Every structure is written in structure tokens, then in C-alpha cells.
Amino acid sequence: MKLLENVQLDCLSELIHTLSLTTGSCRLQLKLESYSCKMTGDDKKLLRHITNASEDTGLQALSPPNLGYGYHSPTVSGQEQDACSTRTFHCLVSTLNASFRPDYDFSHAKSEEFCRIPNLNTVTEDIHNIFYTSLGDSFCDIKEHMWNTIDKEIGLNECSFYSYNSDLDSDPYGDCLWYFNFFFYNKKMKRILFFSCQAHPYGDTMSDDDDMYYSGTDMGSSDIEY
């Protein structure tokens, strides 16, 4: 997986983080990252590992959708809803590895820790509920801009949607109040947009890694209008 530089996504992440510091109920740490699905050497090794560890069916079992704040989307009967191809599963795991390396390795994540989200409306409803709760009315001012920026990068109407709920003993989410991870996968573009958010209480001191992450964008130089 190759990270595709996108200044608008970086600025959007910083904007939401800043809003959480000034108007929110908690401090939000975001990742809005776009990745090419072209495989690197490490990705090829991971694909061999996943293929060897699974049955020769070409499919990976997924869990039913279970979204944030107790929202449960309806499960569509049939194999298509609760399974994905081994190649798609590999792309999801590779995205996590690319985003969190070298601190965390998701190579042994189970397919049941992922789920397919039925449609875009379900994803947007869940994210809206979370951000409205965390940011209040200030989210209304950026909601349209947020989705326009994401759509421009990934083409939402052509995407399939997945989420990840960690089941690892050591992961990036152990100390947060809540988190979400969404993957917008555009197979035609061979691209995944990773949208991850963690909530931390205001009293938490940001780590050096967090400081480096947030200091990479100068909001004053952004040309974005919204």
C-alpha cells in the first residue's frame, strides 16, 4: 500500500481536531488517509500469509455490522453481506499496517474483526451521530465540506464500506474513550480511504507521536473554502 499525499485531507483532519479542542466534549485524534492498493514487497508477503492461513475458498468471513453508539445496522442475509474476498481482506489489513507502522502490526488480525457496512447512508449516519455528540453544532458548519473532500478523493458512490473493531491485546485504541475505523474501498480506482478517529479526555497529555502528527499541517495556509 502506498500513501497518497492529499493536503485537503490533512487540513480536514486538523480542522476537526481543532474543533474538538475548542467546542467539543473530548479531544479527537483523526486519520484521514488515502492509499493506493498497489502491493509492496511487505504486502505480497502478507497476502501469502493470509492465503496460507485460510481455507481455499477465496472468501474471508466477516462479522455483522455493529456501529458506534449502540447502533446496529440490519444484516442482509446471504454470504455476500458477511464475507469478502481474500484480496479485499488483505487490502484492509495492509491499510492498517501502513497507517500505524512501525508501532503496531495487524498482520494477525482476524477477518471476523472486520464487517461490511451495507451502504453509504449507514456510514454517514453513524459518523454524524458520533461527531454531533462530540462536537455539537460546530459539526454542522463543516459536514458538507468534509464529505465533499472525501468524495473528491475516493468517489463515494463507487465504494464498498468496511469497519474494523480491534480485538488485539496491544493496539492503538486501548487508552481512548471510543474509536471508529472506516474503510472506503473503490475497487475501480484501486484505492482505499481510511477514516479513523479516537476520542481522549481533555486531561490526557498528547504523546510525542501525536504532536508530530498534528504539527504537520499549517491551517493558516489552506486554500479550502467551506
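**Strand pairing, burial and side-chain contacts**

Tutor: Strands E7 and E8 pair in the antiparallel sense over 9 bridges. The model is a predicted one.

Student: What makes E7 and E8 count as paired strands?

Tutor: Pairing asks for at least two bridges found by DSSP. E7 and E8 have 9 bridges, so they count as paired. As an example, phenylalanine 180 stands opposite cysteine 197 in E8.

Student: How do you know that E6 and E7 are paired as well?

Tutor: The cut-off is again at least two bridges. There are 4 bridges joining E6 to E7, and these strands run antiparallel, so the pair passes. Phenylalanine 161 has phenylalanine 184 of E7 as its bridge partner.

Student: Why is E7 called mostly covered?

Tutor: Of the 9 residues in E7, 8 are buried. Buried here means a relative accessible area under 20%.

Student: What stands out in the hairpin of E7 and E8?

Tutor: This hairpin has 4 residues between the strands, and lysine 190 takes a positive phi there, near 55 degrees. Lysine 190 is a residue other than glycine, and its place is the loop between E7 and E8.

Student: Is lysine 190 buried or exposed?

Tutor: Exposed means over 50%. Lysine 190 has 60% relative accessibility, so it counts as exposed.

Student: How many salt bridges are there?

Tutor: The count comes to 3.

Student: What makes the contact of glutamate 153 and arginine 191 a salt bridge?

Tutor: The limit is 4 Å between a side-chain nitrogen of Lys or Arg and a carboxyl oxygen of Asp or Glu. For these two side chains the N to O distance is 3.2 Å, so the contact qualifies. This pair links distant parts of the chain, with glutamate 153 in helix H5 and arginine 191 in strand E8, 38 residues apart.

Student: Why is the contact of glutamate 158 and lysine 188 called a salt bridge?

Tutor: Their N to O distance is 3.5 Å, and the rule asks for a distance within 4 Å. Glutamate 158 sits in the loop between H5 and strand E6, lysine 188 in the loop between E7 and E8, 30 residues apart. With 43% relative accessible area, glutamate 158 is partly exposed, whereas lysine 188 at 66% counts as exposed.

Student: Which other pair forms a salt bridge, and is it buried or exposed?

Tutor: Glutamate 33 and lysine 31 meet at 3.7 Å, N to O. Both residues are buried.

Student: How do you know that leucine 9 is buried?

Tutor: Leucine 9 has 1% relative accessibility, so it counts as buried. It lies in helix H1. Leaving out residues up to four places away in sequence, leucine 9 touches Leu32, Ser34, Thr149, Glu153 and Leu193. Leucine 9 and glutamate 153 are 144 residues apart in sequence, with 8.6 Å between their C-alpha atoms.

Student: Which residues have the most contacts inside the largest nonpolar core?

Tutor: They are Leu28, Phe131, Met146, Ile150, Phe184 and Phe195, in a core of 34 residues. Elements that each supply at least two residues include helix H1, strand E2, helix H5, strand E7 and strand E8. The largest share, 6 residues, comes from H4. Another core, of 24 residues, lies apart from this one, and Ala109, Phe114, Phe183 and Tyr185 are among its members.

Student: What is the omega of the cis peptide bond that joins arginine 101 and proline 102?

Tutor: Omega is about 5 degrees. Proline 102 is found in the loop between helix H3 and E5.

Definitions and conventions. Residues numbered from 1 in each chain as written. Predicted model: local features only at pLDDT ≥ 70, side-chain atom pairs only at ≥ 80, totals over all residues. Heavy atoms only, no water. Core = buried A, V, L, I, M, F, W, Y, C linked by side-chain atoms within 4.5 Å. Buried < 20%, exposed > 50% of the residue type's maximum accessible area, 1.4 Å probe, protein only. Contact = heavy atoms within 4.5 Å.
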